[in-house]
Amino acid sequence: MDSYMIETVAKVMVVLLVFSALAGFTTYIERKILAFMQRRLGPTHVGPFGVIQILADGIKLFTKEDFVPANAVRPIFMIAPVITAATAFIAMTAVPFFPQFEVMGYTVRPIIADINVGLLFVLGAMATGLYGPLLGGMAQANKWGLLGGARTAIQLLSYEVVTGLSILAPIMLVGSLSLIDINDYQSGGFFSWLIWTQPVAFFLFLIAAYAETNRTPFDLLEHEAEVISGYATEYSGMRWGMFFIGEYANLFTVSFLTALIFLGGYNDWAFIPGWVAILLKVGFLIFLFLWTRASWPHIRPDQLMWFCWKVLMPLAIVNILITGFVMMLI
Amino acid sequence: MNIDKTNDRNIGNSEYIHIAIDDYPTTPMQHFKQVVKRGFGTELFGGLKITFGIMLKALFKRQMHTLKYPQEKLPVSSRYRAVHKILGLLESGENRCIGCGLCEKICIANCIKMDTKIDKNHRKEVSEYSINLGRCIFCGYCAEVCPELAIVHGGRYENVSEQREHFVIKDDLLTPLDKLSTQVEYDGFGAVSPDADDKIEKTPLSY
């Protein structure tokens, strides 16, 4: 029991540290890739190619004044960023990042808690994270913040349905909610990946994932051109930073989820060992997130609702029905 | 970047890309068709392709629009009218200015002030010369009217100093004696045209 406790605490620490650092580093990657796609240079001055720009940003964020506006609801305003950051990391507890490996005769399973409702837990915890922008936006006594918070609510209501329904069809095929089982289901090589049997579900889940992590086509919560900075208008310093650590941690969670559910997870892929394969897939998905941000325009909130309720949800239901009929017939 | 590009005045609309704007949909069916066309067509992926191509060009062909300004500067056209320069004679190092006062006279912002005296060679010499750059509107009349091509417009567009008075000193504008060899003949506003020699005709003295 003790060794189990120590192992879990160690895993938690590793996940926390690695993904906090990665969240910071992804901002650098994002700025660089966006810059290149817009014929700019991006950060160049701090360190070689601007690599340690994130360090400078971190110093700035940490040393900024922790400011609470006069009419804000103080406790809620202060706790809202913590909700986003915390739930983003809580969601990672049920995600298996790598295949299990042995260190000095000791088998390490790179998942913090292999619970049998893993997928449900991850999606639930990530959805809880939307309370951060919602509460923060409503507590800050700012109209832009209020609009950002309202948009959080409608966005959550819209995409969460699609996420759940789109993921249902693969779950029906696999017959388990554990991400490890879903991964093992696709161990038969390239053509056993669920993207080939569930392409519609893959695209629906990917679209919903953009809304879930509020990345650009559905970046309504903090749409600069419309609502200044949305829910983050009055935030500054590390409280603002926590929102973004949460956002980037969510980005990684969603990328890992997509890779695990649809792209064959950490199974060996031809000559590529499993842990490299999943890193490649996650890397590509992250790049895809940045790529679309540079290419596509935002959409309006009413367009998002229209799109989620009138297009994606019927598609997801039809997909579930067809999957069900095919499973009954075969 | 080549300077010829900035000298090219022939800016037409030849490089414009005209976008065909379709009629806006009015009926629900037309809306639906538009959604299908945009959602399942290649328009979204066309956008992805463009940005990816731009990224590759930026990374491997260095096609950047960014200019690291203090280290890199865009070339300035020779016709650009920035802070004045007063040129010297290459051979003797003397001032080109003959103190005729035309620039002071023509200056519409009244920013040029000069004082002259007769020097020991019985030549008119400029003792004081100042251009108040706080008043100057950089119209270029002084450079155009100067018969000796002594006062010209340079390319120094970074007018930063603690005090405006720093720019009115003649010594700043005048080419220093040791820099005379690097003095470039002015070919901008008011300068003699390159084929001026061919245009010279004999002064008709017969009438």
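Modeller: Lys117(B) has Glu125(B) as its bridge partner in β3(B). This is a predicted model.

Colleague: What makes β2(B) and β3(B) a pair?

Modeller: Pairing needs at least two bridges between the strands. Strand β2 (residues 112-118) and strand β3 (residues 124-131) of chain B are joined by 7 bridges. They therefore count as paired. The two run antiparallel.

Colleague: Which residue of β3(B) stands opposite Ile118(B)?

Modeller: Lys124(B) does.

Colleague: How many residues lie between the strands of the hairpin?

Modeller: There are 5 residues between β2(B) and β3(B). In the turn, His122(B) has a positive phi of about 60 degrees.

Colleague: Now helix α3 of chain B. How do you know that its span agrees with its number of residues?

Modeller: Helix α3(B) covers residues 43-60, which is 18 residues. At 1.5 Å a residue they should span 26 Å. The end C-alpha atoms are 26 Å apart, so the span agrees.

Colleague: Which residues of α3(B) are called buried, and why?

Modeller: Thr51(B), Met55(B) and Ala58(B) are the buried ones. They are called buried because each has 20 or more other C-beta atoms within 10 Å of its own.

Colleague: What makes you say that they line one face?

Modeller: Look down the axis of α3(B): the buried residues fall within an arc of 65 degrees, so they line one face of the helix. In general, an α-helix has 3.6 residues a turn, so residues three or four places apart point the same way.

Colleague: Which residues are exposed on the other side of α3(B)?

Modeller: Glu43(B), Phe45(B), Gly46(B), Lys49(B), Gly53(B) and Phe60(B) are exposed there. After the helix comes Arg62(B), with a positive phi near 55 degrees.

Colleague: What covers the buried residues of α3(B)?

Modeller: The cover includes two helices of chain A, α1 (2-37) and α12 (274-295).

Colleague: How many residues does each chain give to the contact?

Modeller: Chain A gives 10 residues and chain B gives 13. On the side of chain A that touches chain B, α1 and α12 each supply at least two residues. That side of chain A divides into 7 nonpolar, 1 polar and 2 charged residues.

Colleague: Where do the domain bounds of chain B fall?

Modeller: Domain 1 is 25-66 and domain 2 is 84-192. Their C-alpha centres lie 55 Å apart.

Note on methods
Residues numbered from 1 in each chain as written. Chains lettered and ligands numbered in written order. Predicted model: local features only at pLDDT ≥ 70, side-chain atom pairs only at ≥ 80, totals over all residues. Helix = DSSP H or I, 4+ residues; strand = E, 2+ residues; numbered from the N terminus. Expected span 1.5 Å × (residues − 1). Buried ≥ 20, exposed ≤ 12 C-beta atoms within 10 Å, placed from the backbone. Arc of directions from axis to C-beta. Contact = placed C-beta atoms within 7 Å. Nonpolar A, V, L, I, M, F, W, Y, C, P; charged D, E, K, R; others polar. Domains from an automatic or database assignment.
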